[in-house]
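Hi there,

Here is the structure I promised to send you. Have a look at it first, and then read my notes below.

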Amino acid sequence: MSDTIEHYSDPQDARVALYLMDNDGDELTDILVAALEHAFRILGEDAQTMH
């Protein structure tokens, strides 16, 4: 076992951190809402194909 700690940085986490540093909450909110709408659309399509 190694005493070395590996640091993992997710590029999406870094992008969110940059938005927060710039105090650009409105743009971040728009991105998150668009992602949720996309996810719900996919879920709706999957639900229709199951019936």
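Leu-43 sits in helix 2; helices here are DSSP runs of H or I with at least four residues, strands are E runs of at least two, and both are numbered from the N terminus. This is a predicted model, where local features need pLDDT of at least 70, side-chain atom pairs count only at pLDDT 80 or more, and totals for chains, interfaces and linings use all residues. Residues are numbered from 1 along each chain as its sequence is written, and side-chain values use heavy atoms, leaving out hydrogens and water.

The protein has 2 helices and 0 strands. Leu-43 counts as exposed because its relative accessibility is 53% (buried is under 20% relative accessible area, exposed over 50%, partly exposed in between, with a 1.4 Å probe and protein chains only). Buried residues make up 4% of the 51 residues.

Glu-27 also belongs to helix 2, which covers residues 25-50. With a relative accessible area of 36%, Glu-27 is partly exposed.

Happy exploring, and write back with any questions!
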